[in-house]
Amino acid sequence: MDPEVVVPSARNGRDDRKRSVSRMNDPESMRLVEDSRRRHNWKRWGPYLAERQWGTVREDYSPHGDCWNDLPHDHARSRTYRWGEDGLLGVCDRQCRLCFALALWNERDPILKERLFGLTNGEGNHGEDVKECYYYLDSTPTHSYMKALYKYPQAEFPYAKLVEENRRRGKDEPEFELIDTGVFDENRYFDVVAEYAKASPEDLLIRITIHNRGPEAAPIHLLPTLWLRNTWSWGRRGEGQGERGIIRRIDDATLEIEHPSLGRYRFSIDAGGAAAPLLFTENETNAQRLYGTPSAGPHVKDAFHRFVINGEREAVSPSGEGTKAAPHFRAVIDAGGSATFRLRLTAVTEATDAPFGRAFDDLVEQRRREADAFYAARLEGALSDEQRAVARQAYAGLLWSKQFYHYVVEQWLEGDPAQPPPPSQRLTGRNSDWTHLYNRDVISMPDKWEYPWYAAWDLAFHMIPFAKIDPEFAKEQLVLMLREWYMHPNGQIPAYEFAFGDVNPPVHAWACWRVYKMTGPRGNRDRVFLARVFQKLLINFTWWVNRKDVEGKHIFSGGFLGLDNIGVFDRSRPLPTGGHLEQADGTAWMAFYCATMLAMALELASEDPAYEDVASKFFEHFVAIADAMNTLGGTGLWDEQDGFYYDQLHVDHALMPLKVRSMVGLIPLFAVEVLEDDVVSRLPGFARRMRWFLENRRDLARHISYYETLEGDEAHRHHLLAIPSRPRLERVLRYLLDETEFLSPHGIRSVSRCHAERPYVYRAGHDEFRVDYVAAESTTGLFGGNSNWRGPIWFPVNYLIVEALERYHHFYGDALKVECPTGSGNMMALDEVAEELKRRLASIFLPDENGRRACHGDVQRFADDPHWRDLVLFYEYFHGDTGRGVGASHQTGWTALVTRCIEDNARRAARRERPAQSAATAAPPRARQSAQTPASPIHAASRMR
């Protein structure tokens, strides 16, 4: 067993107490219970292998942080990684000690296909981009069943063509993708399907099925590769370091693996009646090829490539052992035919003399059916087949994007004793002030190729869909980002590995609060979790207040704030004009943070009065921020003429609004919460302080709306905490719901479409700065990569808009209706507007009457071809007019929020179809709600919980 499983760890804070896991009794749910209670280690093996370790900051030992060129794709097959591993449709244990992945060759490629290929940031016309076709099809939370697909061309893979054409194209042209090269014409490709099923936590069944979709028989080589991560070549000892295992040949169809901490395993190979040659080498750098110096030994990492492609028989070890091994299969598959290969990785203590046979396939099919049962119990019953298929693939992508992430900044800066010392510039360069950071965990990644490193605000959104399928993982991930070996001693949460000190929007508290409510029934929620995160979030909140409120006036800057490329200037750097920005989004994010912390404090105060004082602090702080946002200097960051919130440029005691209509001015809508009087009254300390505040600080209390209605015999009172007043809310919503501004057929744009014809231009001396509406890929080099917030649709902020509208509706009810779309004459209550936005967001992925999905753009193959039409990709963001997917193609993390949209609307549609409740027995909605025990002191009013 793993040390981290048998011994409760002080580092991860886990214990053997009962977990708030699902009480459903399907087999996968029971496995989750067993894993959470540490009865069985079901999550020991999973899809934790990165899809790109090359080109990362961790592996970069260059003087000036040029990670893409320090370890490029061409070096990846020959150079041993220091901090992780990568592979094709692979798996590993949770500490990435023993890895398994596929290697393929079509007898035409110049290199063995061992990992996914893509362009570096400098090669792509819109930044880094994977140039492969692969799809996550299924997974359960314990990874007891997983399925993924890779489409492998039979013609030579067009490496050079992809690089050259993308280099030729300018930023005003779309990216050139693999599917555009013609390499899939006439269906001359293989569908390579990898399935994994667990007979037990230590018995992993692997089934590889290769289909020839082409018109002629075609050859293919398959090397299912097993290797040990190199932890021994660096001259270090300690946790997970210095351990060297061995892989040995037992017979023609069996390997044995021995590792000091992992244990002993048997790898069984079903050769289908014909023995496949077993190849061995060492996971060591080919220094001769890369640096022209002698390698540590004759057998190195790229031996299988040299053996298969170049016929170098001496490249592989004749000894029958090493730290990397693979059987070498060659098959000629008939047109329309397929070939299946079976393998099995089993702890020696559980190994059987008959690892294959009918029972093998029966077990794989059983686990697949159990996956069906697991999702059938969780997905809304009213979903259509198409909606269910999209949700299932979204959850699959979410689960496949878990990755072992290892980065010890202090060791990375110092270099390793057995390696050449790194350049001295590193000691004062990237991440040099994060020497406490010690990451060695399985973490939810944004995209395991384009972003194979965590981003704090991405992860917060990931946990909302995760909470439905694996509540314990969701809570553990949120806690992890707040632990002392992640969070900076000053209270900052690490942003991402390129710059841990950068600033992401403060959404972690919101995610913790949502997950808390989603992962337990009322009265039986995990208050220990809530208290743990609340204490650490207090520290983080204090960091924000001390660092980002420049003049102490409750107006915040913040810089980057996750919104790449959205403003007039690069907000992470000193302004070319001097001075500083007063940011509408930065200030609104802090109000949002305040309101969430208030909700959490009131929840904790219901059992511990000590939290009432803290709740009062956040109540008053929220009101102070709202006041500054609306009135400081006259109108704060509000522009009365336009009816919108803008950033302000503060230079030489002068203020100038930067009148860009963008998501920056919509984020103030997020900061809205509803306080229920009947709940607040149970907290005498807080209630007393709030009454005093309302009576004695009327200058600030004007920002608190009070609402009372009588329904039946019972009064219902509640307070609204929000940045905009009702008139200002209505004015902003006119922009939000205007199809010539923010409202697109597929959601809310990040920049108003008005800037397509009227770009915003700011001149400073001889320099011109401008913001245009750019619906898809970025046309500027700001921030380098392909992220673009100048028009496209982004799921995380759309999701927060929807939630905010539902909270406003809880306060105003049907008394507030707005035109949707603006100018249509169609009046909707705000919950109906939220439903319409969710419908538009879901339409990105659902096929229309012609079978076309907006996310696939104009690629007809996805609509017509039976081997493509059911495949869905969950991109980083989407074209502001057409919904075409743009950016990272596998960013299922926050884009998996679409599952909430699909399920919420299906649930609401089903309710409408049910017969109306008898008027004689139905209680008035307000009175009925008041009679219930509220879910929390602050009503979230969100059907997306």
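**View 1. Helix α18, end to end.** Helix α18 takes in residues 684–696, and its 13 residues reach 18 Å from first C-alpha to last, close to the 18 Å expected at 1.5 Å a residue. That expected span is 1.5 Å times one less than the number of residues. Phe686, Ala687, Met690 and Phe693 are the buried residues of α18 (buried means under 20% relative accessible area, exposed over 50%, with a 1.4 Å probe and protein chains only). They sit on the same side of α18 because they cover an arc of only 125° around the axis, going by the directions from the helix axis to the C-beta atoms. Turned away from that buried side is the face with exposed Arg688 and Glu695.

This is a predicted model, so to speak of local features takes pLDDT of at least 70 and side-chain atom pairs count only at pLDDT 80 or more, while totals for chains, interfaces and linings use all residues. Residues are numbered from 1 along each chain as its sequence is written, and side-chain values use heavy atoms, leaving out hydrogens and water.

**View 2. An open sheet of 3 strands.** The order is β21-β24-β25, with antiparallel pairing (strands pair if DSSP finds at least two bridges between them). At the edges, β21 (580–582) and β25 (654–658) each pair on one side only. From one strand to the next, the twist averages 30°. β24 (residues 647–651) and β25 share 5 bridges, and His650 has Leu655 in β25 as its bridge partner.

**View 3. Helices α8 and α9 crossing.** The axes of α8 (residues 358–376) and α9 (residues 385–400) come within 12 Å and cross at roughly 110°. That makes α8 roughly perpendicular to α9, a label for angles of 65 to 115 degrees. Contacts (heavy atoms within 4.5 Å) involve Arg368, Ala371, Asp372, Tyr375 and Ala376 in α8, which meet Arg388, Arg392, Tyr395 and Leu399 in α9.

Methods: Helix = DSSP H or I, 4+ residues; strand = E, 2+ residues; numbered from the N terminus. Axes fitted to C-alpha atoms, helices over the stretch in contact; angles between N-to-C directions. Parallel < 35°, antiparallel > 145°, perpendicular 65-115°, else oblique.
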